[in-house]
Amino acid sequence: MPKHPADTYCLVADIGGTNTRVALSQGRKVLTDTIRRYRNSEFPGLESVITRYVADEDGVDTRAACVAVAGPVRDGRASMTNLDWTIDKTTLARATGSETVAILNDLQAQGHALGYLAPENVRQILTGAEANANAAKLVIGVGTGFNAAPVFDTDHGRLVTPSESGHANLPIRTEQELRLCQYVSSAHGFPAIEDVLSGRGLERVYGFLGAEVDDPVEASAAAIMAACAKGDDARSVEAARIFTRILGTVAGNLSLVQLPFGGVFLAGGVARAFAPHLQTFGFGEAFRDKGRFAGFMGNFAVSVIEDDYAALIGSAAHLTAILGEA
């Protein structure tokens, strides 16, 4: 007797730079007891991961599949930013045996999850003005990399447009930020947002502070955040403060571009780690520091998505819409 009835469930996956998580879904609900995690370094590509998952789930026959990819997607083909994999719909259909397949950028998947996350998994950082349910929203991902995606609810369904916002120029407001940009440029040739606003970016900020005082000591992002929580290392606290204020500036800039009256939502492991510190380290002040538009910035609420499965939920929601079951 098969473990799962044939052609009943959908397959959803969240492909990060290090791990891939795969699960089954029914409607917008992700079946949490089917979530499995695989280390990407142990597989040559996504097809072999999916093949393993299908075998691990007793040869499950799925009706549709959607994968969220940490990288740009164009014409049904995805290239990973931090992983040497290329993913296309033909490969996904072959691996899953599904009739309907979709590939999303991971931030698009986070955007499709909005409205379907448990309230306790969304932590509000800044309040905003009241807005109608269909007001535009903005998801900003801060993790292994940095990216953003606006979310539009229309009469014809939800539209979440992709971008590669993390590779735009890092903004400069102060002399110290100029020196930070020069420090990043000397190592990487171009001071992109992602070079600072990511896990490895936090490590670069810490390294920059050491270089400023001729004491070049390195630390991992996890160690820096642990020291911040304890408050026992001034350099870690200062690195987190600089990171937070630049994040506020960039989030504010993106908000002025997209006008997300429905809210700004920070996602990703680094965003979750910073959530308890954002207000203390000046996120709100930097977010609203827009000159004569400072008051206008009060229209935009800011929250942190603390659901680690949000990309899977968003992929399931997207499939539900494609299948006409929304």
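In the predicted model, D153 stands opposite R158 in strand β13. The pair belongs to two antiparallel strands, β12 (residues 146–154) and β13 (residues 157–160), which are joined by 4 bridges. A hairpin of 2 residues leads from β12 to β13. Strands here are DSSP runs of E of at least two residues, helices are runs of H or I of at least four residues, and both are numbered from the N terminus. Two strands count as paired if DSSP finds at least two bridges between them. Residues are numbered from 1 along each chain as its sequence is written. Because this is a predicted model, local features need pLDDT of at least 70 and side-chain atom pairs count only at pLDDT 80 or more, while totals for chains, interfaces and linings use all residues; side-chain values use heavy atoms, with hydrogens and water left out.

Contact means heavy atoms within 4.5 Å.

A second open sheet has 3 strands in the order β6-β7-β8, with antiparallel pairing. Its edges are β6 (73–74) and β8 (86–88); each has a single partner strand, so one side of each is left without a neighbour in the sheet. Strand β6 pairs with β7 (residues 77–79) over 2 bridges, and V73 stands opposite A78 in β7. The loop between β6 and β7 holds D75, which has a positive phi of about 50° although it is not a glycine. Most residues other than glycine have a negative phi. D75 counts as exposed, at 75% relative accessibility; exposed means over 50% relative accessible area, buried under 20%, and partly exposed in between, with a 1.4 Å probe and protein chains only.

In α1, the residues L46, V49, I50, Y53 and V54 are buried. Seen down the helix axis, they fall within an arc of 135°, so they line one face of α1; the arc is that of the directions from the axis to the C-beta atoms. An α-helix has 3.6 residues a turn, so residues three or four places apart point the same way. The cover over this face includes β1 (10–15), β2 (19–26), β4 (36–39), β5 (64–69), β8 and α2 (89–96). After α1 comes D58, with a positive phi near 60°. D58 is found in the loop between α1 and β5 and counts as partly exposed, at 44% relative accessibility.

Taken as a whole, the protein has 10 helices and 15 strands. Its radius of gyration, taken over C-alpha atoms, is 20 Å, close to the 20 Å that the globule rule gives for 326 residues, so it is as compact as a globular protein of that length. That rule is 2.2 Å times the number of residues to the power 0.38. Of the 326 residues, 53% count as buried.
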